[in-house]
Amino acid sequence: MQFSSRKLLTIGHSYIVPLNRRLANEMARISGSDWDITIVSPLALKGDLRPLQLRQDQDDRCVLEGVSMRWQQPTHLMMYHDRLREILQQKWDLVHCWQEPYVMSGGQVARWTQPKTPLVYFTCQNNPKSYPPPFNWIETYSMQRATAWIYAGQTVANTLKQRRHYDLPTRHIPHGVDVELFAPDLAARQKVRQQLEWDTGDVPVIGFLGRFVPEKGLELMMRSLDQISQPWRALFVGTGGMEADLRSWGARYGDRVRVCTTVRHDQVPQYLNAMDLLCAPSQTTKRWREQFGRMLIEAFATGIPVIGSDSGEIPYVIGDAGIVVKEKDQTAWVQAISMLLNDPDQRNAFSKKGLDRAHSTYSWSVVARQHLEFFDSILERSNPLISLY
């Protein structure tokens, strides 16, 4: 007996960036004709650096549906216009929602998905929170409607499995990284270092990638670098409210410090290649702890050794492929950075471990296959006859 392709709808505001569509596109590639996949993305969003517009990409393998948005900021108030309702009223075998179940857009998906269609949320919420109305009501409504949920890391599971309405089928599936785009590249390393006017000498470059905000540990990183006696250079890539503080601090070191705020997402691999080690000194606050640390797996794939704090999910992401330091222990941070600066062989060993971890655990092909296997198991639960074919 011949069966038609199953229809999967995957929804997420991050899909507006082509690189973030890699999960859906990889699922389409792996599944072949088994799954017919459609992506829903906002038509436009206010990005950190510039306004974002949805554009078809040459690597897209899925149908791409753009929906206009209302109330884009803050993110938990973001809502889709009624076009999403029309899409969800079509026949789907499964709906995958890459929006948190407590936010307005997550509630819209729960409300508009047809009653008999399995609905799976992907969540990164790893901080215990008591949401005020209406967000607590939205979370309850969404999870009562949900069929299953996927969590990005162990700290998410530790947090959410204790909450009401999360006693559903679930699976740990991490974020992924494009191991073709993020890869060791000597030419890119030389090009960026030349642009930064660091193409002479062999001084190690200590890097940071992410938001320039206090919880990312920039104050600790600057104080730690102040105490490093070995030669070093520092490269900060990102944007945020602490840009002026970074530039003021960096001015004391002249051309040893570069703060780059105009790097596009597709240029990040080149700048990672210019680094000799990456620091992720995230600091836990009452309202936040590191949910994953995507910069870590991007550094792994690029062959860059990492030092991370023990905030949130970072220790689970790093495993034995880097160094984990107590987040507030400045002395330990100075020692860890100094050790790697002094030991190229250890940097090389961590580089190899990180590359292996990126390919075996975090590559999109691995992550996409885990999603498809979970989706198959959900459909088999709802229709046991599927497993017979």
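Predicted model: local features only at pLDDT ≥ 70, side-chain atom pairs only at ≥ 80, totals over all residues.

Trainee: Where is Asp-276 found?
Mentor: In the loop between helix H9 (268-273) and strand S15 (277-280). Helices (H or I, at least four residues) and strands (E, at least two) are DSSP runs, numbered from the N terminus.

Trainee: Is Asp-276 buried or exposed?
Mentor: Buried, because its relative accessibility is 13%. Buried means under 20% relative accessible area, exposed over 50%, partly exposed in between (1.4 Å probe, protein chains only).

Trainee: Which side chain does Asp-276 join at 2.6 Å?
Mentor: That of Arg-193, in a polar contact. Arg-189 also has one with the Asp-276 side chain, at 2.8 Å. A polar contact is a pair of N or O atoms within 3.5 Å; within protein, one must be able to donate a hydrogen and the other to accept it, and residues adjacent in sequence count only if both atoms are side-chain atoms.

Trainee: New topic. What is the strand order in the open sheet?
Mentor: S14-S13-S12-S15-S16-S17, six strands with parallel pairing. Two strands pair if DSSP finds at least two bridges between them.

Trainee: Which strands stand at the edges?
Mentor: S14 (257-260) and S17 (323-325). Each has a single partner strand, so one side of each lacks a neighbour in the sheet.

Trainee: How many bridges link S13 and S14?
Mentor: Four, in the parallel sense. Leu-235 stands opposite Arg-258 in S14.

Definitions and conventions:
Residues numbered from 1 in each chain as written. Heavy atoms only, no water.
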